[in-house]
Amino acid sequence: MGKIAIVYWSGTGNTEAMANLVAEGAGGSADLFTPDQFSPDQAAGYSALAFGCPSMGAEQLEEAEFEPMFEAVKPSLGGKTIGLFGSYGWGDGEWMRTWAADCEDAGCSLVGEPVIACGAPEGDAADACRELGKALAAV
């Protein structure tokens with residue numbers, strides 16, 4: 001098992017709860033970061049990474065902290081295995097489909113389907129977060 005980084009932004013605590021569930025699924029061996037704590041240089045030290053961001057505005061990534069960090073890190077992710085997760089309160093998950101396609105275009109290998117939760121991660125969404133962590137730990 002390699003090193004796992006989980007980088008997330010959370011406004012209401014739902015995406016933070018998802019990050020903690022992903023870490024739990026990874027056996028507690030992941031390093032958790034907020035966007036202001038993670039840089040492109042750090043990405044090289046991880047065999048797998050998970051990124052979490054809720055849907056904001058018109059189904060987009062959070063623009064002040066998360067998106068600038070992710071755009072800076074994205075060139076370092078080519079050939080890396082990553083997972084995506086996030087919560088939403090409206091819409092149908094378009095922001096996640098767009099984000100996943102962007103990651104694939106950048107040469108990232110998605111470990112599985114992105115995980116989304118409407119509101120707090122409960123039931124199937126919580127289980128999917130744990131499964132994402134297990135899949136990342138297997139890389």
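These notebook entries record what I looked up in the structure above.

**Ground rules.** I am working with a predicted model, in which local features need pLDDT of at least 70 and side-chain atom pairs count only at pLDDT 80 or more, while totals for chains, interfaces and linings use all residues. Residues are numbered from 1 along each chain as its sequence is written, and side-chain values use heavy atoms, with hydrogens and water left out.

**Pocket.** I began with open space, taking a pocket as an open set of points, on a 1 Å grid over the protein atoms alone, where a 1.4 Å probe fits and protein lies on both sides within 12 Å along at least five of seven lines. The largest pocket has a volume of about 150 Å³, a volume being the space filled by probe spheres set on the points, which are joined across faces, edges and corners. I listed its lining residues (those with an atom within 4 Å of a point), and they include Glu59, Phe70, Trp95, Trp99 and Asp102. By class the lining divides into four nonpolar, two polar and five charged residues, where Ala, Val, Leu, Ile, Met, Phe, Trp, Tyr, Cys and Pro count as nonpolar, Asp, Glu, Lys and Arg as charged, and the others, Gly among them, as polar. Helix 3 (66-73) and helix 4 (94-105) each supply at least two lining residues, and the largest share, four residues, comes from helix 4; helices here are DSSP runs of H or I with at least four residues, strands are runs of E with at least two, and both are numbered from the N terminus.

**Aromatic rings.** I then looked up ring pairs, which are rings of Phe, Tyr and Trp (its six-membered ring) with centres within 6.5 Å, called stacked when the planes are under 30 degrees apart, edge-to-face when over 60 and tilted for the rest. The structure holds eight aromatic pairs. The rings of Phe33 and Phe38 have centres 5.1 Å apart and planes at 55°, so this pair is tilted. With buried meaning under 20% relative accessible area, exposed over 50% and partly exposed in between (1.4 Å probe, protein chains only), Phe33 is buried at 12% and Phe38 is buried at 6%. For Phe66 and Trp99 the centres are 5.5 Å apart and the planes stand at 85°, so I noted the pair as edge-to-face. Since Phe66 lies in helix 3 and Trp99 in helix 4, the pair ties together parts that are 33 residues apart in sequence. Phe66 is buried at 0%, and Trp99 is buried at 3%. Ring pairs also link Phe51, Phe66, Phe70 and Trp99 into a cluster.

Which cysteine sulfur is nearest to that of Cys108? I took a disulfide as a pair of cysteine sulfur atoms within 2.5 Å, and by this rule the count comes to zero. Cys108 is in no disulfide, and the nearest cysteine sulfur, that of Cys103, is 4.9 Å away. Cys108 is buried, with a relative accessible area of 8%. The sulfur of Cys129 is 13 Å from the closest cysteine sulfur, in Cys118, too far for a bond, and Cys129 is buried at 0%.

**Two single residues.** Gly83 is found in strand 4 (residues 81-88) and is buried at 2%; Gly83 and Ala5 are 78 residues apart in sequence and 10 Å apart in space, C-alpha to C-alpha. Val139, in the segment after helix 5 (123-137), is partly exposed at 36%.
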